[in-house]
Amino acid sequence: MIRIAAVGDVHLGPEAQGRLRPALEHLPEHADVLLLAGDLTRHGTPEEARVVATEFRDVGVPVLAVLGNHDHHGDAVPEVTEALSEGGIQVLEGDGVVLPVDGHRLGVAGVKGFGGGFEGRCASAFGEPEMKAFVGHTIEIAGKLQSALGSLSCDIRVALMHYSPVPDTLHGEPLEIYPFLGAYQLGEAVDATGTHLAVHGHAHAGCERGVTPGGVRVRNVAQPVIRSAFTVYCVEA
Amino acid sequence: MLNPGSGEAPEYIAARIRRALAEDPRTAELGIQVIVKGAHVYLCGTVSSQQCKEELNRVAQEREPTLTVHNDVDVVEAGEPGAPEVLR
Ligand SMILES: [Fe+2]
Ligand SMILES: [Fe+2]
């Protein structure tokens, strides 16, 4: 059994420093790895990223993360990534990592993801350049996710992203904003690569459980959804 | 229908408050539901700290000083999780 802890949307800043720390003290008893599904900060500043780094430093298991839209808000992605790395958090964006766990190889690939919507109700790369850029961003990221997942040589393959690959885990959000919450192309990448589990955040008012059209389990681990410091999924290798 | 509090449609007032809560750096909250009924504003959702919750009041109240703001927002729970989910 590989035990995967995950949480997204912790939205930390100096005012919330230490909020998760008491629950994290016992993390190695619960899990072999911790995945952070983006929106680690509120405004995407290096100062907030240092708060995140301190919060997850030395938790006793490897910590892998993707960034979310909030982490991009301050236009300081390199500095934010650097600050997180200094806390031992490995930030994934179109790449992956394979960790040895209990005699097995756990592969995790990550991207931020983006919006656009879902099958039959989604944006198309047509018309104004702004629209083409919007959809183009999604397509580019989904392509990176697919190649990162595909290149992992591992026993259990996990996709980590901020935006949702399916509409299932958005239930509870207003239907009208689904196109800003995820994109079906992310689910396609998951389904094309023999992935075992997809983890995302971003949909604070959504629900935890869903499944891709290809039958891969999807979990929305946004902290307001899981209502705890993290949640744990055990996957049989 | 116009809002008795301000003579404006409540939908526009709610939309303005919602955008202010997202775009004002003091709040930067995109997931707050804003409902305007007459002279009252109701805020729902979840934020990461008590301070974030209080900032919502400040920003909404500044945006619409004549309305009464009711803050029904939750502060997120950060305790240890229950039993793990086993995926087979
Ligand atoms: Fe978020
Ligand atoms: Fe987000």
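Is Phe134(A) buried, exposed or partly exposed? I looked this up in a predicted model, and Phe134(A) came out as partly exposed, with a relative accessible area of 24%. The cut-off for buried is under 20% and for exposed over 50%, so a value of 24% falls in between.

**Entry 1: aromatic rings**

I then looked for ring pairs and found two aromatic pairs over all chains. In one of them, the rings of Phe114(A) and Phe134(A) have centres 4.9 Å apart. Their planes stand at 50°, so I noted the pair as tilted. Phe114(A) sits in the loop between strand 6 (104–111) and strand 7 (117–118) of chain A, while Phe134(A) is in helix 6 (residues 129–150). The two residues are 20 residues apart, and the pair links distant parts of the chain.

Phe114(A) also pairs with Tyr163(A), and this pair is edge-to-face. I wrote down 5.7 Å from centre to centre and 65° between the planes. Tyr163(A) lies in the loop between strand 9 (156–161) and helix 7 of chain A, 49 residues apart from Phe114(A). As for accessibility, Phe114(A) is buried with a relative accessible area of 18%, and Tyr163(A) is buried with 6%.

**Entry 2: the iron ion (ligand 1)**

Which residues coordinate the iron ion (ligand 1)? I found Asp9(A) through OD, His11(A) through NE2, Asp39(A) through OD and His204(A) through NE2, at 2.0 to 2.3 Å. The angles among the four donor atoms run from 87 to 168°, and the site is irregular. Along the sequence I wrote the spacing of the donor residues as D-x1-H-x27-D-x164-H. Asp9(A) lies in the loop between strand 1 (2–7) and helix 1 (21–24) of chain A, and His204(A) lies in the loop between strand 10 and strand 11 (209–211), so this pair ties together parts that are 195 residues apart in sequence. Asp9(A) counts as buried, at 3% relative accessibility.

**Entry 3: the iron ion (ligand 2)**

The iron ion (ligand 2) is coordinated by Asp39(A) (OD), Asn69(A) (OD1), His162(A) (NE2) and His202(A) (ND1). I noted the range as 2.1 to 2.2 Å. What makes the arrangement around the iron ion (ligand 2) irregular? Its four donor atoms subtend angles of 88 to 158°, which makes the arrangement irregular. The spacing of the donors along the chain is D-x29-N-x92-H-x39-H.

Asp39(A) bridges the iron ion (ligand 2) and the iron ion (ligand 1), and the two ions lie 3.4 Å apart. Asp39(A) is in the loop between strand 2 (33–37) and helix 3 (46–55) of chain A, and Asn69(A) is in helix 4 (residues 69–72), so this pair ties together parts that are 30 residues apart in sequence. Asp39(A) counts as buried at 1% relative accessibility, and Asn69(A) counts as buried at 18%.

**Entry 4: His202(A)**

I went back to one donor of the iron ion (ligand 2), His202(A). His202(A) is in the loop between strand 10 and strand 11 of chain A and is buried, with a relative accessible area of 11%. Its side chain makes a polar contact of 3.3 Å with the side chain of Asn69(A). A polar contact of 3.0 Å joins the side chain of His202(A) to that of His162(A). Leaving out residues up to four places away in sequence, I listed what His202(A) touches; among them are Asp9(A), Asp39(A), Tyr163(A), Phe180(A), Leu181(A) and Ala222(A).

**Entry 5: Thr193(A)**

Where is Thr193(A) found? I placed Thr193(A) in the loop between helix 7 (184–191) and strand 10 (197–200) of chain A. Thr193(A) counts as buried, at 11% relative accessibility. A polar atom of its side chain lies 3.1 Å from the backbone oxygen of Val190(A). The side chain of Thr193(A) also makes a polar contact of 2.8 Å with the side chain of Thr195(A). Setting aside neighbours within four places in sequence, I found Thr193(A) in contact with Gln146(A), Leu149(A), Gly150(A) and Arg157(A).

**Entry 6: chain B**

For chain B I took one item from UniProt: an unreviewed entry carries the annotation "domain: BON" over residues 9–77. Over those residues I noted 41% helix and 26% strand. The end C-alpha atoms of residues 9–77 of chain B are 36 Å apart.

Terms used:
Residues numbered from 1 in each chain as written. Chains lettered and ligands numbered in written order. Predicted model: local features only at pLDDT ≥ 70, side-chain atom pairs only at ≥ 80, totals over all residues. Heavy atoms only, no water. Helix = DSSP H or I, 4+ residues; strand = E, 2+ residues; numbered from the N terminus. Buried < 20%, exposed > 50% of the residue type's maximum accessible area, 1.4 Å probe, protein only. Polar contact = N/O pair within 3.5 Å; in protein donor to acceptor, adjacent residues only side chain to side chain. Contact = heavy atoms within 4.5 Å. Donors = N, O, S within 2.8 Å, 3.2 Å for Na, K, Ca; no water. Tetrahedral: all angles 85-135°; square planar, octahedral: opposite > 155°, others 65-115°. Phe/Tyr/Trp six-rings, centres within 6.5 Å; stacked < 30°, edge-to-face > 60°. UniProt positions renumbered as here; feature names shortened; annotations may be inferred.
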